[in-house]
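Please examine the sequence and the 3D structure shown below. The briefing that follows describes the fold, the core and several individual residues.

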Amino acid sequence: MFYSKPEEFKHRELAPGVKTRLAFGEKLNISVVSLEAHSVVARHHHPHEQMGFVVSGEVEMGIGGEARLLKRGDAYLVPSDVEHSARTFAVPAVVVDVFSPPREDYR
């Protein structure tokens, strides 16, 4: 069994104003991402499938060339190797991402 408190998660800065807390399992990992207002996660891709949802605030997700403004409770799926990006405007956001397989580059 695995139990962890947020303060025990590994911390990492992904971009200016974008910080994550990470926890790892054998076949997946979660990432609790805090995005300050007016922050940007540049377009990128990776072999991991990524699924997430917005916990608070608003974030514009660009996935495969299509952008949408997501709000609390909205979910998204990024298939393996599809380019994606994120940005906030005047409102900060918190999202939870799940990656499978785990992001070894985040360990």
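**Charges and overall form**

The mean positions of the 13 positive and 15 negative charges of the protein chain lie 3 Å apart. Here Lys and Arg count as positive and Asp and Glu as negative, while His and the chain ends are not counted; the place of a charge is taken as NZ of Lys, CZ of Arg, CG of Asp or CD of Glu.

This is a predicted model, in which local features need pLDDT of at least 70 and side-chain atom pairs count only at pLDDT 80 or more, whereas totals for chains, interfaces and linings use all residues. Residues are numbered from 1 along each chain as its sequence is written, and side-chain values use heavy atoms, with hydrogens and water left out.

**Fold and dimensions**

- The protein chain contains 0 helices and 9 strands; helices (H or I, at least four residues) and strands (E, at least two) are DSSP runs numbered from the N terminus.
- Along the sequence, the pattern reads β-β-β-β-β-β-β-β-β.
- The radius of gyration of the protein chain is 13 Å, which agrees with the value near 13 Å for a compact globule of 107 residues. This radius is taken over C-alpha atoms, and the globule rule is 2.2 Å times the number of residues to the power 0.38.
- Taken along the principal axes, the C-alpha atoms fill a box of roughly 40 × 30 × 25 Å.
- Contact means heavy atoms within 4.5 Å. Of the contacts between residues at least 6 apart in sequence, 61% join residues at least 24 apart.

**Surface and core**

- The accessible surface of the protein chain is about 6,600 Å², and 56% of this surface belongs to carbon and sulfur atoms. Accessible areas come from the Shrake-Rupley method with a 1.4 Å probe; for residues, only the protein chains shown count as cover.
- Of the 107 residues, 36% count as buried. Buried means under 20% relative accessible area, exposed means over 50%, and partly exposed lies in between (1.4 Å probe, protein chains only).
- In soluble globular proteins, nonpolar side chains tend to be buried together.
- The largest nonpolar core has 15 residues, of which Val18, Leu35, Val59, Met61, Leu70, Tyr76 and Val95 touch the most other members. The elements that give two or more residues to this core are β3 (29–35), β5, β7 (75–78) and β9 (93–100), and β5 provides the largest share, 4 residues. A nonpolar core is a set of buried Ala, Val, Leu, Ile, Met, Phe, Trp, Tyr and Cys residues joined through side-chain atoms within 4.5 Å.
- Not counting residues up to four places away in sequence, Val59 touches Val54, Arg68, Leu69, Leu70, Ala86, Arg87, Thr88, Ala93 and Val95.

- Met51 is found in strand β5 and counts as partly exposed at 48% relative accessibility. Leaving aside neighbours within four places in sequence, Met51 is in contact with Tyr76, Leu77, Val96, Asp97 and Val98. Met51 and Met61 are 10 residues apart in sequence and 12 Å apart in space, C-alpha to C-alpha.
- Phe53 belongs to strand β5 (residues 49–63) and is partly exposed, with a relative accessible area of 39%. Beyond its neighbours within four places in sequence, Phe53 is in contact with Asp74, Ala75, Tyr76, Val94, Val95 and Val96. A separation of 15 Å lies between the C-alpha atoms of Phe53 and Pro79, which are 26 residues apart along the chain.
- Ser56 is also found in strand β5, and its relative accessibility of 30% makes Ser56 partly exposed. With neighbours within four places in sequence left aside, Ser56 is in contact with Arg72, Pro92, Ala93 and Val94.

**Backbone features**

- Most residues other than glycine have a negative phi, and most peptide bonds are trans.
- His38 has a phi near 60 degrees, a positive value in a residue other than glycine. His38 lies in the loop between β3 and β4 (40–44) and is exposed, with a relative accessible area of 62%.
- Asp81 likewise has a positive phi, near 65 degrees. Asp81 is placed in the loop between β7 and β8 (84–87) and counts as partly exposed at 48% relative accessibility.
- The peptide bond from Ser100 to Pro101 is cis, with omega near -10 degrees. Pro101 is found in the segment after β9.
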